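User: I am new to protein models and would like to learn how to read one. Could you take me through a few features, step by step?

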Amino acid sequence: MAVSVHLRQTIERAKRRDLLFVALGVAALFLAFCTFLALFTNMVSAGWERFHPGFFTQYASRRAESAGILAAWVGSFAVMIVTGLVAVPLGIASGIYLEEYAPRNRLTALIEINISNLAGVPSIVYGLLALGMFVHYFNLGASVLTAGLTLALLILPVVIVATREAIRAVPGAIREAAYALGATRWQTVKDHVLQYSLPGILTGVIIGLSRAIGETAPIVTIGAVSFIAFLPPAPVTSSFPFVSFDWLASPFTAMPIQIFNWTSRPEEAFQANASAAALVLVLMTLAMNAVAIWLRYRLRRNLSW
Amino acid sequence: MNEELKKPELDSLAKKAQVSDLSFFYGAKQALKSINLTVYDRKVTALIGPSGCGKSTFLRCFNRMHDLYPGNRYQGEIRLYPDDVNLLAPEIDPIEVRMRLSMVFQKPNPFPKSIFENVAYGLRIRGERSRSVLIDRVEEALKGAALWNEVKDRLEDVATTLSGGQQQRLCIARALACDPELLLFDEPTSALDPIATASIEELIHELREKITILIVTHNMQQAARVSDFTAYMYLGDLVEFGWTDDVFFRPRQKQTEDYITGRFG
């Protein structure tokens, strides 16, 4: 029997809709890409004149031409180290516990709901919490440690959720293979589940960190200084015991604060500084995302089931 | 296949395990109903029956896999010989049970690690540290699983680069490396093509000289080809058990006959 005209028309119509969807998708992508490109080129053209080595090695200054971001990028870097050291082990451990150990009961359900809710709490609220708890109650001051802990709390839900997703992607058959050989729960987690979910976990961690590095509100709330002309003390010293943790208690400034500070200056010349610093911040975030993609690619090469 | 005269009396055979009054519950749902079965030493026992009859559930009782998930409950006993210990007793650690029994699953499930590490893993968690012992035992296990010649030059390759049949033989090698007293096969060829299936069946034939095997299969020809004994299960009941040729050619139950001749199932 030949294909009827009606059927042919139906197929044609369905194919047109298919094409329409593709066109809409491409248009949406194009819009997003153009927005990013416009912002990026604007930033580059406005900030290009400040983009020289001195910009990275000079402190903030009252004169726009000689002002740099040394204190800001070092501060951001130090804060990120604290954030990473706190959020990564805590987040991964929580994720593993919830996925592999926690009994399915009301308490676990309550904890899970709380974690999802935490991910939706505005960052300023974390800043207020930190101001009350870390700055005043624990008397940590507006220090690198306070900022690191605050941002760690902020990205903890992101790390936990990413860890759980990555762990859930490991097939049950692999777990059963380990258990059937006589492995304990921890051996199964450490030798298998964790190893195979590492690419996904690392991606989540880096996405969390790249969110934290751009956060302004919580660090402003805890009282970070925006004009600072010294660096936190070095973590390595020349005399015994050679390591120093004084940098944790040091006041600091961070990239987003520096940018915010410059944009709120009345002098036109500082707008170029703000653009240049924003460009650096975007590049830092892009670099972190690139590392995430590269790590995922490297580690996943051998993973299949 | 008239081996009637050569068949020894059942009472004269050594037992490897005795299942008595075994019932199993997934929560409130009863999946096994008071099963009694003898597993004879260094014989292949096949479990057959339609989907959902409880044969895999039954097999997974032996190495306490059901302990991994909440809400499961055993009743009755599985006694393992020669030391006559009840594998299902609450005071017996399931890890200890799994150290004595090995399992091969329905779908090949090698770890995404090297071929060597796959086979060595069971030995590592049994505390084997010596590299030279590991190398010897891995070679022995791979030879036992008829895989050595195919992989001896690529032991460091990732196991998932092997073909499906090779992966399943790797899983058998992984199980053999642990020197199990009882080897459990859960439909080991259902995900494999006919050629790979034939090589696994041949392997089971060789292994039964040394080791007691319990195999679940949905393929009746396979049961007939590889097993000494066959148990037919239906809806959680053990309907018939006996020498494989008796079950296939002289079934005592009408239901068994119907299933085997393909009238239902």
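User: Is Ile78(B) buried or exposed, and how many other C-beta atoms lie within 10 Å?

Analyst: Start with the general idea: a residue is buried if 20 or more other C-beta atoms lie within 10 Å of its own, exposed if 12 or fewer, and partly exposed in between, with C-beta atoms placed from the backbone. Ile78(B) has 24 other C-beta atoms within 10 Å, so Ile78(B) is buried. This is a predicted model, where local features need pLDDT of at least 70 and side-chain atom pairs count only at pLDDT 80 or more, while totals for chains, interfaces and linings use all residues. Residues are numbered from 1 along each chain as its sequence is written, and chains are lettered from A and ligands numbered from 1 in the order in which they are written.

User: Where is Ile78(B) found, and which residues is Ile78(B) in contact with, leaving aside neighbours within four places in sequence?

Analyst: Helices (H or I, at least four residues) and strands (E, at least two) are DSSP runs, numbered from the N terminus. Ile78(B) belongs to strand S4, residues 72-80 of chain B. Two residues are in contact if their C-beta atoms, placed from the backbone, lie within 7 Å. Beyond neighbours within four places in sequence, the contacts of Ile78(B) include Ala17(B), Val19(B), Phe62(B) and Leu87(B).

User: How do I read a helix, and which residues of H7(B) are buried?

Analyst: Look at its span, then its sides. The expected span is 1.5 Å times one less than the number of residues. Helix H7 of chain B (residues 194-207) has 14 residues and reaches 20 Å from first C-alpha to last, close to the 20 Å expected. Its buried residues are Ile200(B), Leu203(B), Ile204(B) and Leu207(B). They lie on the same side of H7(B), because they cover an arc of only 100° around the axis; the arc is that of the directions from the helix axis to the C-beta atoms. On the other side, Pro194(B), Ile195(B) and Glu206(B) are exposed. Among the elements covering the buried residues are strand S3 (44-48) and helix H6 (164-176) of chain B.

User: How many residues does each chain give to the contact between chain A and chain B?

Analyst: Chain B gives 20 residues and chain A gives 19 residues. On chain B, the elements that give two or more residues are helix H2 (94-100), strand S6 (101-104) and helix H3 (115-125).

User: And what about chain B as a whole?

Analyst: Its secondary structure comes to 10 helices and 10 strands. Buried residues make up 45% of the 265 residues in chain B.
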